[in-house]
Amino acid sequence: MKKSILFLLTISTLIIFDSCGKDYDYRDKWVGKYEYEHWHKSYLHGTGTLSVNKYGQDSILITIGNSVLVNSQVHKNGDIEPCKFDWDYRMSGCFKNRNYLELTYYWSVDPRSIYFYKCKKIKE
């Protein structure tokens, strides 16, 4: 009898935990506002804020003001698919964890012209 009750409790617990989180979208942990530092080599070009939002089925939209910086697919591990944006620049990046985002971009004519956005999530 005790084994039956223990078995039922175990199965019930597994069912409850399995049903929780089905609506969870892995992108939720990265959505929000970030403070950024914009770098070229060892030179700081500026600072500001950007926002990260979910877009479509498995993509994100990263914007600075009214400008779309990245509209690309993001993988569950946080890697952002390389993409092309205005002025023939190529950009890629990754979410290091829930609070840090790094973006790298370069002008396609000169791949040595690498720029970085180092971003930290703003606590709400």
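**Entry 1: salt bridges**

A salt bridge is a side-chain nitrogen of Lys or Arg within 4 Å of a carboxyl oxygen of Asp or Glu. I applied this to the structure above, which is a predicted model, and noted that Asp25, Arg27, Asp28 and Lys54 are linked in a network of such bridges. The structure holds four salt bridges.

I looked up the individual pairs next. Arg27 and Asp25 meet through their side chains, with 2.7 Å from N to O. Arg27 is buried at 4% relative accessibility, and Asp25 is buried at 16%. Asp28 forms a salt bridge with Lys54, and the closest N and O atoms are 2.7 Å apart. This pair links distant parts of the chain, since Asp28 lies in the loop between helix H1 (2-19) and E1, while Lys54 lies in strand E2, 26 residues apart. I recorded Asp28 as partly exposed, with a relative accessible area of 32%, and Lys54 as partly exposed at 40%.

I also found a salt bridge between the side chains of Glu102 and Lys96, at 3.9 Å from N to O. Glu102 is partly exposed at 36% relative accessibility, and Lys96 is partly exposed at 48%.

**Entry 2: aromatic rings**

How many aromatic pairs does a search of the whole structure find? I recorded six. One of them joins Tyr26 and Trp30, with ring centres 6.2 Å apart and 80° between the planes, and is edge-to-face. Tyr26 is buried with a relative accessible area of 17%, and Trp30 is buried with 3%.

Why is the pair of Tyr34 and Phe95 tilted? The centres of these rings are 6.5 Å apart and their planes stand at 50°, so the pair counts as tilted; the cut-offs are under 30 degrees for stacked and over 60 for edge-to-face. The pair links distant parts of the chain: Tyr34 is in strand E1 (residues 32-40) and Phe95 is in strand E6 (residues 89-95), 61 residues apart. Tyr34 is buried at 0% relative accessibility, and Phe95 is buried at 4%. I noted that ring pairs link Tyr26, Trp30, Tyr34 and Phe95 into a cluster.

I then examined Trp39. The charged end of Lys118 sits over the ring of Trp39, 5.6 Å from the ring centre.

**Entry 3: the core and strand E3**

The largest nonpolar core has 22 residues, and I noted that Ile62, Ile80, Phe95, Leu101 and Leu103 touch the most other members. Elements that give two or more residues to this core include strand E3 (59-64) and strand E4 (67-73).

I listed contacts of Ile62 beyond its neighbours within four places in sequence, among them Leu50, Val52, Leu69, Ile80 and Leu103.

I followed the strand pairing on both sides of E3. E2 and E3 run antiparallel and are joined by five bridges; Lys54 has Ile60 in E3 as its bridge partner. Three residues lie between E2 and E3 in their hairpin, and Gly56 in the turn has a positive phi of about 65°. E3 and E4 are also antiparallel, with six bridges, and Ile60 has Ser72 in E4 as its partner. Their hairpin has two residues between the strands, and Gly65 in the turn has a positive phi of about 60°.

**Entry 4: Ser113**

Ser113 is buried, with a relative accessible area of 11%. Not counting residues up to four places away in sequence, Ser113 touches His40, Tyr105, Tyr106 and Trp107.

Definitions and conventions:
Residues are numbered from 1 along each chain as its sequence is written. This is a predicted model: local features need pLDDT of at least 70, side-chain atom pairs count only at pLDDT 80 or more; totals for chains, interfaces and linings use all residues. Side-chain values use heavy atoms; hydrogens and water are left out. Buried means under 20% relative accessible area, exposed over 50%, partly exposed in between (1.4 Å probe, protein chains only). Helices (H or I, at least four residues) and strands (E, at least two) are DSSP runs, numbered from the N terminus. A charge sits over a ring if NZ of Lys or CZ of Arg is within 6 Å of the ring centre and within 35 degrees of the ring normal. A nonpolar core is a set of buried Ala, Val, Leu, Ile, Met, Phe, Trp, Tyr and Cys residues joined through side-chain atoms within 4.5 Å. Contact means heavy atoms within 4.5 Å. Two strands pair if DSSP finds at least two bridges between them.
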